[in-house]
Amino acid sequence: MNPASAAVGGAATFVWLGMVLAISFLEAPLKFRAPGVTVPIGLGIGRLVFRALNAAEAVLAVVVIVAVATGSPAIPAVALTAVAAAVLVIQIAAVRPPLNRRSDRVLSGEDPARHRSRAHLYYVALELVKVLALLALGCVLQAV
């Protein structure tokens, strides 16, 4: 892979990774522990934060895809880029809509314990896959 594409792709990959780690694994669980933050308030904040995160992720994914595609990449870089991008698409297109419907119900007054959803667990599992793919991709791109 050419060094310029690898540098741009690696930088964008590690920024993307840092954002996912900071928001999904630090901010998201901690906000519910803050004094005075109720489930509806936390959900409202979470929806805004994750909408912004996913938009930033989409931009970074495009940067990574372009950098990898234009850099004469090795197969591992292509495969890891595809995994990270596919996971993001699945999260946005398939998992977020049920999460949004559930949070709509909670925000309209439904007891969150009344109807548990597995969509959140799927989202977290996909986040873990994405984190591993991004970490490996960043390492592959920096090894050039």
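In which helix is Pro 3 found? Pro 3 is found in helix α1, helices (H or I, at least four residues) and strands (E, at least two) being DSSP runs numbered from the N terminus. The model is predicted, so that local features need pLDDT of at least 70 and side-chain atom pairs count only at pLDDT 80 or more, while totals for chains, interfaces and linings use all residues. Residues are numbered from 1 along each chain as its sequence is written, and side-chain values use heavy atoms, with hydrogens and water left out.

The protein contains four helices and zero strands, and its pattern along the sequence is α-α-α-α. The C-alpha trace spans about 55 × 30 × 20 Å along its principal axes. Of the 144 residues, 34% count as buried, where buried means under 20% relative accessible area, exposed over 50% and partly exposed in between (1.4 Å probe, protein chains only). Pro 3 counts as exposed, at 63% relative accessibility. Although Pro 3 and Leu 141 are 138 residues apart in sequence, their C-alpha atoms are 8.8 Å apart in space.

Helix α1 (residues 3–31) packs with helix α4 (residues 119–142) at an angle of about 155 degrees, the axes being 9 Å apart. Axes are lines fitted to C-alpha atoms, for helices over the stretch in contact, and angles run from 0 to 180 degrees between N-to-C directions. The two helices α1 and α4 are therefore roughly antiparallel; angles under 35 degrees count as roughly parallel, over 145 as roughly antiparallel, 65 to 115 as roughly perpendicular and the rest as oblique. The residues of the contact of α1 with α4 comprise 16 nonpolar, six polar and two charged. In this classification Ala, Val, Leu, Ile, Met, Phe, Trp, Tyr, Cys and Pro count as nonpolar, Asp, Glu, Lys and Arg as charged, and the others, Gly among them, as polar.

The axes of α3 and α4 come within 9 Å and cross at roughly 160 degrees, which makes α3 roughly antiparallel to α4. The contact of α3 with α4 involves 21 nonpolar, three polar and three charged residues. Arg 105 lies in helix α3 and is partly exposed, with a relative accessible area of 34%. Arg 105 and Pro 40 are separated by 65 residues in sequence and by 9.9 Å in space, C-alpha to C-alpha.

The largest pocket has a volume of about 800 Å³. On a 1 Å grid over the protein atoms alone, a pocket is an open set of points with protein on both sides within 12 Å along at least five of seven lines, a cavity is a set where a 1.4 Å probe fits but cannot get out, and lining residues have an atom within 4 Å of a point. Grid points are joined across faces, edges and corners, and a volume is the space filled by probe spheres set on the points. Of the 24 residues that line the largest pocket, Phe 32, Leu 43, Leu 99, Arg 102 and His 120 are the closest to its centre. Elements giving two or more residues to this lining are α1, α2 (39–69), α3 (75–107) and α4, and α2 gives the most, with six residues. By class, the lining has 11 nonpolar, seven polar and six charged residues.

Ser 72 is placed in the loop between α2 and α3. Ser 72 has a positive phi of about 50 degrees although it is not a glycine. Ser 72 is exposed, with a relative accessible area of 60%.
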